[in-house]
Amino acid sequence: MPNQHTPTVDPVERFLAFVEKTETCWLWRGKVERNGYGRFWLNGKSVGAHRVAYELWVGPIPEGLEIDHVKARGCTNRHCVNPDHLEVVTARTNMSRGGAWLVNSSKTHCPRGHEYTPENTYQQRRANTVMRSCKA
């Protein structure tokens, strides 16, 4: 397997050297972070392999948007880089599709049992979403 850091004339060829194609998914066999997303060395920096796949086979990712592994397209596997499974979305859409946003936004109490009330709750904006924390 080639070294991810060694530039070649064709980035597509170098990228595909780290892909194992199955019937449905393109599984990333290069570096994978603890969060399950693959990483690829391109233009002097490490970038998400799924983002590289999208840009190589679909096109540019508009500023401020993210790439989602779309269940309706057959996949939620974080180390899949099949461009047919990927879609450009907002951070809010990406989180809501993942389910965590819906679960956390419906919680009425913090993990220590304190009620989320306006007086007892910090709200911080992070990555286009609002995070709640209990003041108590």
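**Labels and their cut-offs**

User: Why is Arg29 called partly exposed?

Analyst: Arg29 has a relative accessibility of 39%. Buried means under 20% relative accessible area, exposed means over 50%, and partly exposed lies in between (1.4 Å probe, protein chains only). The value of 39% falls in between, so Arg29 counts as partly exposed.

User: Where do these values come from?

Analyst: This is a predicted model, in which local features need pLDDT of at least 70, side-chain atom pairs count only at pLDDT 80 or more, and totals for chains, interfaces and linings use all residues. Residues are numbered from 1 along each chain as its sequence is written, and side-chain values use heavy atoms, with hydrogens and water left out.

User: What makes the link between Arg29 and Glu20 a salt bridge?

Analyst: A salt bridge needs a side-chain nitrogen of Lys or Arg within 4 Å of a carboxyl oxygen of Asp or Glu. In Arg29 and Glu20, the closest N and O atoms are 2.8 Å apart. That is within the limit, so the pair qualifies. Glu20 is partly exposed, at 37%.

User: Which residue forms a salt bridge with Glu33, and how do you know that the pair qualifies?

Analyst: The partner is Lys31. Their closest N and O atoms are 3.9 Å apart. The limit is 4 Å, so this pair counts. Glu33 has a relative accessible area of 32% and is partly exposed. Lys31, at 45%, is partly exposed too. The structure holds two salt bridges.

User: Why can such side chains pair at all?

Analyst: Side chains of opposite charge can pair when their charged atoms come close.

User: Why is Asn120 called buried?

Analyst: Its relative accessible area is 16%. The cut-off for buried is under 20%, so Asn120 is buried. Asn120 sits in the loop between helix 4 (100-105) and strand 7 (121-126). Contact means heavy atoms within 4.5 Å. Leaving out residues up to four places away in sequence, Asn120 touches His114, Glu115, Ser133, Cys134, Lys135 and Ala136.

User: Is Arg97 buried, exposed or partly exposed, and what does Arg97 touch?

Analyst: Arg97 has a relative accessible area of 42%, so the label is partly exposed. Arg97 belongs to helix 3 (residues 91-98). Beyond its neighbours within four places in sequence, Arg97 contacts Asp68, Val70, Glu87 and Val89. Asp68 is 29 residues away along the chain, yet the two C-alpha atoms are separated by 8.7 Å.

User: What makes a stretch a helix or a strand, and how many does the protein have?

Analyst: Both are DSSP runs, numbered from the N terminus: helices are H or I with at least four residues, strands are E with at least two. The protein has four helices and eight strands.

User: Which residues of helix 2 are buried, and what do they pack against?

Analyst: In helix 2 (residues 49-57), the buried ones are Ala49, His50, Val52, Ala53 and Tyr54. Their packing partners include helix 1 (11-16), strand 5 (66-69) and strand 6 (86-89). Gly59 follows helix 2 and has a positive phi, near 155 degrees.

User: How do you know that strand 3 and strand 4 pair?

Analyst: Two strands pair if DSSP finds at least two bridges between them. Strand 3 and strand 4 have four bridges, so they pair, in the antiparallel sense. Leu42 stands opposite Lys45 in strand 4. The two strands form a hairpin with two residues between them. In the turn, Asn43 has a positive phi of about 50 degrees.
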